[in-house]
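Please look over the sequence and the structure shown here before reading the report that follows. The sections below take up a helix pair, a sheet and the confidence of the model in turn.

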Amino acid sequence: MRIAMIGSGYVGLVSGACFADFGHDVHCVDKAADKIEALNAGRIPIYEPGLEELVERNAKAGRLVFSTDIPRAVAEADVVFIAVGTPSRRGDGHADLSYVYSAAREIAASVTGFTVVVTKSTVPVGTGDEVDRIIAETNPKADVTVVSNPEFLREGAAIDDFKRPDRIVVGIENERARPVMEEVYRPLYLNKAPLIFTDRRTSELIKYAANAFLAMKITFINEIADLCEQVGANVQEVAGGIGLDNRIGGKFLHAGPGYGGSCFPKDTLALVKTAQDAGAPIRLIETTVAVNDQRKRLMARKVVAACGGEVRGKTVAILGLTFKPNTDDMRDAPSLAIVQALVDLGAKVKAYDPEGMEHAKGMLPPGVTFADGPYTAAEGADALAIVTEWNQFRALDFRRLKEIMKAPVLIDFRNIYKREEVARHGFTYAGVGRPKDGRAGDMQAAAE
Ligand code: UDX
């Protein structure tokens, strides 16, 4: 198959490299000439484990090429994927579809022969219909069918998610698309990954419903964590106890400072807007959005409490800034709200993140300083807060920390430590939803 990938951002690049690895000829295009230049020089503009090697291997084999030549890529392709951004529109929270529609016009202008056009970008229900309409209007002779094929990739695990998906969802309106999409996903199909064919609108909604459900699941356990703190229960054991019920499932039940990232905040908001416009508001998700937004800022209270009720003039070391580990993505990261709240309360913040500091520098309030490692961040600090659970923070040397910190206080927003192991080194410990800990961990381990 000859595949054109319009948009070489996160989704386009990962999908393009994986399709090339399946043996297809993939042409990734992007309007940003500097991005294409970097890719052609072997530099990957994003941090994603395994991606550099995958791109290099397939580029060397000649199956993966990068250019700004959209007309050529489209003209040569059997399948054209639209993988451009759909950011939240400023003001109303709707997904901004201008990049998708302009890609549709460009495709219409250059397409030759029967071509399957696939929206991979996360798009609101009905976008496929509009892409179809734009192509037909721009080029009435175009022999095209428009398909929806949402991605379910997690940042930091995207290649594995692509190659070992729980399911592949394909929304078609024309049976001619079916064999083409089966061929595109042939290696996975042969491996018996469920390839679900449905209609286009249903497929578009599956993506939003999946992300909204997961966001709701996280928000649910976060609120249970708050309750645990008030009534003296342990959220990890609650999560383990409910997660063993197959109808609930143990995944996505880690309590923390709230979800962030490039998908959940944007997609939940877009679903809320779509549902309101359709006269079928989804109040559970409206509440999820509001609760999660508030939560991120409220998390600063945990730091204040751990510091004895006051952070003014105190130094707080923050470990982990990205919205989750193994990414450099800072979008809607809980750290942004927590750090801002601490600065507003008069604290000095020293931060360290293994990959996210470059992006964070433009996003955190002035006055925040950056360290080159966890221990330099902790030096002289009145409290240490782990906001993102990078592996390198999982085995901190507490003896050393005790010596270099002004006060031994740890706020563990990801519950990666046990209270007693930290307390043994003389640290005051605050986790999330674990007021007294004790036997914590057994049930959680069983559920995973
Ligand atoms: C998500 C979806 O998982 C993926 O299927 C979709 O295609 C894109 O959005 P991603 O945003 O990369 O992927 O990250 P994910 O691992 O899902 O985490 C999202 C946020 O939820 C993070 O901030 C994470 O810290 C938080 N989270 C996740 C929790 O707080 N608790 C959990 O149990 C799981």
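## A pair of helices

In this predicted model, helices α10 and α13 are oblique to each other. The axis of α10, which covers residues 200-231, and the axis of α13, which covers residues 283-298, cross at roughly 55 degrees and come within 9 Å. The crossing in which α10 passes α13 is left-handed.

On the side of α10, the residues that take part in the contact are A212, A215, M216, T219, N222 and E223, and they meet L284, I285, T288, V291, N292 and R295 of α13. Sorted by kind, the residues of this contact comprise six nonpolar, four polar and two charged.

## An open sheet

Elsewhere in the model, six strands, in the order β11-β10-β9-β12-β13-β14, make up an open sheet whose pairing is parallel. Because β11 (369-370) and β14 (428-430) each have a single partner strand, they stand at the edges, and one side of each is left without a neighbour in the sheet.

Strand β10, formed by residues 348-352, pairs with β11 in the parallel sense over two bridges, and here A351 stands opposite F370 of β11. Helix α15 (residues 334-344) lies across β9 (315-319) and β10, and runs at about 155 degrees to β10.

## Confidence in the model

The protein has a mean pLDDT of 95, with 97% of its residues at 70 or more, and the model scores ipTM 0.96 and pTM 0.93. Over residues 439-448, however, pLDDT stays under 50, and for this stretch the model has 22 contacts beyond four places in sequence.

How values were computed:
Residues are numbered from 1 along each chain as its sequence is written. This is a predicted model: local features need pLDDT of at least 70, side-chain atom pairs count only at pLDDT 80 or more; totals for chains, interfaces and linings use all residues. Two strands pair if DSSP finds at least two bridges between them. Helices (H or I, at least four residues) and strands (E, at least two) are DSSP runs, numbered from the N terminus. Two residues are in contact if their C-beta atoms, placed from the backbone, lie within 7 Å. Axes are lines fitted to C-alpha atoms, for helices over the stretch in contact, and angles run from 0 to 180 degrees between N-to-C directions. pLDDT is the predictor's confidence in each residue, from 0 to 100. Angles under 35 degrees count as roughly parallel, over 145 as roughly antiparallel, 65 to 115 as roughly perpendicular and the rest as oblique. A crossing is left-handed if the near helix is turned anticlockwise from the far one by less than a right angle, and right-handed if clockwise. Ala, Val, Leu, Ile, Met, Phe, Trp, Tyr, Cys and Pro count as nonpolar, Asp, Glu, Lys and Arg as charged, and the others, Gly among them, as polar.
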